[in-house]
Amino acid sequence: MGFGTAEYLERIRKTKERMAEKGIEVLLVTDPANMNYLSGYDAWSFYVHQMLVVIDDEDQPLWIGRGQDANGAKLTTWLFHENIFPYPDDYVQSTTKHPMDYVAEILKQIGQDQRSIGVEMEHYYFTAQCYMRLSAGLPNATFKDASHLVNWVRIVKSDVEIEYIKRAAKISELAMNKGIELIDIGVRECDVAAEIFQTQIKGTAEFGGDYPAIVPLLPSGERTSTPHLTWTDERYEKGDIVTLELAGCYKRYHSPLARTVSIGKPEQKVQTLSDIVVEGLNACLDMIKPGVSCEEIEETFRKTIAKIGATKESRLGYSMGLNYPPDWGEHTASIRQGDKTILKPNMTFHLIPGIWLDQYGFEASESIRITETGCETFASLPRHLIIKDGYLEGIS
């Protein structure tokens, strides 16, 4: 297992092709997932400024980051050590200096200060201050928006990447089953979350897990009317609906999964909603194949849930895989109206047809791979509303 130098070189080649299409000669990569994808760099150092510099006529990128993280770059990347440039610690969270001042100086020293420079403007880790300091430090450069340039290179996965996601899916199955097992009357939400976390990190006997980009999302009761709440220290009660959205993670590759549990017999309106959502999800899985567009998938789901007058305003899914906090999505293709991205083999998506109403909601999701003839789910768990009474007995 692992990515050899040849795969990294191919990723660099594809990135440079996109750079050329956009007229970019130097690309500054600050998204930690994109840094990992192009170099292998993997550390919890993204809370300070760091980047890869991809230059159109250089074989290897440069890594620029905090001094104490330079050995991390030497240990985790395929780069020559002379391509690793550490900045002194007095640049860290300083009111007088900024790491982009150091970056600008390096680019001047290597003769790249008068070129067309692409920056990831629409990413979590590139700030307005970054752009201001680079602009001031490189007055003769031309800056271009390179947001999501590398993300689109990542959208079709290699066979090794697919294997990583399959391993992540094994972990997501274990974590989901652990959560379902523990949710019960009188149990604290935080205790369920703790056991899920342990399962995510412990992984399997064959391979361990990594920390996921998003923590387990575990709203219950009326809180299921919205998807992105975590957990409380309150105890579950009879009649509660609980939605679980989580992911297994292996070497930064994710396989998200969502399911819904009812503690006791649910109200009919909840059962009806769950039935139509699962029917829509199954209809989408049946029609997905190479050549289909993202918007066609959404249309299939929309027409299915219209049978009971239901609607879904949010997107139905998105491309996913390699990432760091705060998101496991790739920020490229979305399964929604207007997205005409055509599916290709080895694209991977999180298909999450959740519906959240005023007082309750339902989620059942699948992470999928586009195959040569259709699609396959990474995990294999029941999709229906899980009624806790008798559920465990039924699968034991």
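Domain bounds, as used here, come from an automatic or database domain assignment. For this protein, the assignment gives domain 1 (5-154) and domain 2 (156-388). The structure is a predicted model, in which local features need pLDDT of at least 70 and side-chain atom pairs count only at pLDDT 80 or more, whereas totals for chains, interfaces and linings use all residues. Residues are numbered from 1 along each chain as its sequence is written, and side-chain values use heavy atoms, with hydrogens and water left out.

Annotations from UniProt can be set beside this division, with the caution that they may be inferred rather than shown by experiment, that feature names are shortened, and that positions follow the numbering used here. An unreviewed UniProt entry places the feature "domain: Creatinase N-terminal" at residues 11-156, and over residues 11-156 the chain is 36% helix and 18% strand, with the end C-alpha atoms 11 Å apart. Helices (H or I, at least four residues) and strands (E, at least two) are DSSP runs, numbered from the N terminus. The annotation "domain: Peptidase M24", also from an unreviewed entry in UniProt, covers residues 163-372; over residues 163-372 the chain is 31% helix and 21% strand, and the end C-alpha atoms lie 16 Å apart.

The C-alpha centres of domain 1 and domain 2 are 33 Å apart. Their contact, meaning heavy atoms within 4.5 Å, takes 19 residues from domain 1 and 18 residues from domain 2. The size of an interface is often given as the accessible area lost when the parts come together. Between domain 1 and domain 2, the buried area (the accessible area, with a 1.4 Å probe, that two parts lose on being put together, summed over both) is about 1,500 Å², of which carbon and sulfur atoms give 52%. In domain 1, the residues that lose the most area to domain 2 are Tyr124, Trp152 and Arg154, which together account for 37% of what that side buries.

On the side of domain 1 that touches domain 2, helix H1 (5-21), helix H2 (32-39) and helix H6 (149-153) each supply at least two residues, and the largest share, 4 residues, comes from H2.

A salt bridge is a side-chain nitrogen of Lys or Arg within 4 Å of a carboxyl oxygen of Asp or Glu, and by this rule the count comes to 23 salt bridges, while the count between domain 1 and domain 2 is 2. Glu330 forms a salt bridge with Arg154, the closest N and O atoms being 4.0 Å apart. Because Glu330 lies in strand S10 (residues 329-335) and Arg154 in the loop between H6 and helix H7 (159-182), the pair ties together parts that are 176 residues apart in sequence.
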